[in-house]
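Dear colleague,

Please find below the sequence and structure that I am handing over to you.

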Amino acid sequence: MSGCLPFRLDVELTEVMRLRVQSLQQRGQKRQEGERLLQGNEAVYRLDFSNQSLQFLHWKVWLAQPGRLTIMGTSQLWTPDLTNLMTRQLLEPAGVFWRAAGDGDDAPVQCYEADADEFGERIAELAKVRKVMYFLFAFSEGCSPETVDCSITFTVDK
């Protein structure tokens, strides 16, 4: 049995992280050593796992127009309601997906396939210990949250 899990924008957590940046700027303070602040072109997304025994199958990424989407996972050690995000809590590799200006509407989205597959397998591993996982989506080169649809497909182990 396989299932497709959609990445969902976490509006509340994205806003909390934007307020952290704004607060530091207003007070003229610097971030904590090693803290990862949310950039203006980034948003926080989440995956909710209803099953913990998963095997990665493939990514489903759709970009409505040319652009680049970079997806960075966060480790299971980050609890967003308790701690600031630290750079050491970002997983490697990131998933990088793009659509070039000359690509036709029916052309598949391109990616660094080995990195994307490794990233998908890491997500499946982390699903064994997490019910929710958070991601930073970075939009660039014409890509925006409104022009992206992204999900990940797994098979469920019996």
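The notes below cover the sheet, the helices, the aromatic residues and the cavity.

Please bear in mind that this is a predicted model.

The sheet is open and has 6 strands, in the order β2-β3-β8-β5-β6-β7, with antiparallel pairing. Its edges are formed by β2 (8-9) and β7 (110-111); each has a single partner strand, so one side of each is left without a neighbour in the sheet. Strand β3 (residues 42-48) and strand β8 (residues 132-140) run antiparallel and are joined by 7 bridges. Within this pairing, Tyr45 has Phe135 in β8 as its bridge partner.

Two helices lie across strands of the sheet. Helix α1 (residues 11-27) lies across β2, β3 and β8, and runs at about 145° to β3. Helix α2 (residues 113-127) lies across β3, β5 (67-73), β6 (95-99), β7 and β8, at about 155° to β8.

As to the aromatic residues, the whole structure contains 13 aromatic pairs. One aromatic cluster is formed by Phe7, Tyr45, Phe56, Trp59, Phe97, Phe119, Phe135, Phe137 and Phe139. Tyr45 and Phe135, the bridge partners mentioned above, both belong to this cluster.

Finally, the search for cavities of 30 Å³ or more found 1. The largest cavity has a volume of about 50 Å³, and is lined by Thr74, Ser75, Gln76, Trp78, Leu126, Arg130, Val132, Met133 and Tyr134. Strand β8 gives the most to this lining, with 3 residues.

With kind regards

Definitions and conventions: Residues are numbered from 1 along each chain as its sequence is written. This is a predicted model: local features need pLDDT of at least 70, side-chain atom pairs count only at pLDDT 80 or more; totals for chains, interfaces and linings use all residues. Side-chain values use heavy atoms; hydrogens and water are left out. Rings of Phe, Tyr and Trp (its six-membered ring) pair if their centres lie within 6.5 Å; planes under 30 degrees apart count as stacked, over 60 as edge-to-face and the rest as tilted. Two strands pair if DSSP finds at least two bridges between them. Helices (H or I, at least four residues) and strands (E, at least two) are DSSP runs, numbered from the N terminus. Contact means heavy atoms within 4.5 Å. Axes are lines fitted to C-alpha atoms, for helices over the stretch in contact, and angles run from 0 to 180 degrees between N-to-C directions. On a 1 Å grid over the protein atoms alone, a cavity is a set of points where a 1.4 Å probe fits but cannot get out, and a pocket is an open set with protein on both sides within 12 Å along at least five of seven lines; lining residues have an atom within 4 Å of a point. Grid points are joined across faces, edges and corners, and a volume is the space filled by probe spheres set on the points.
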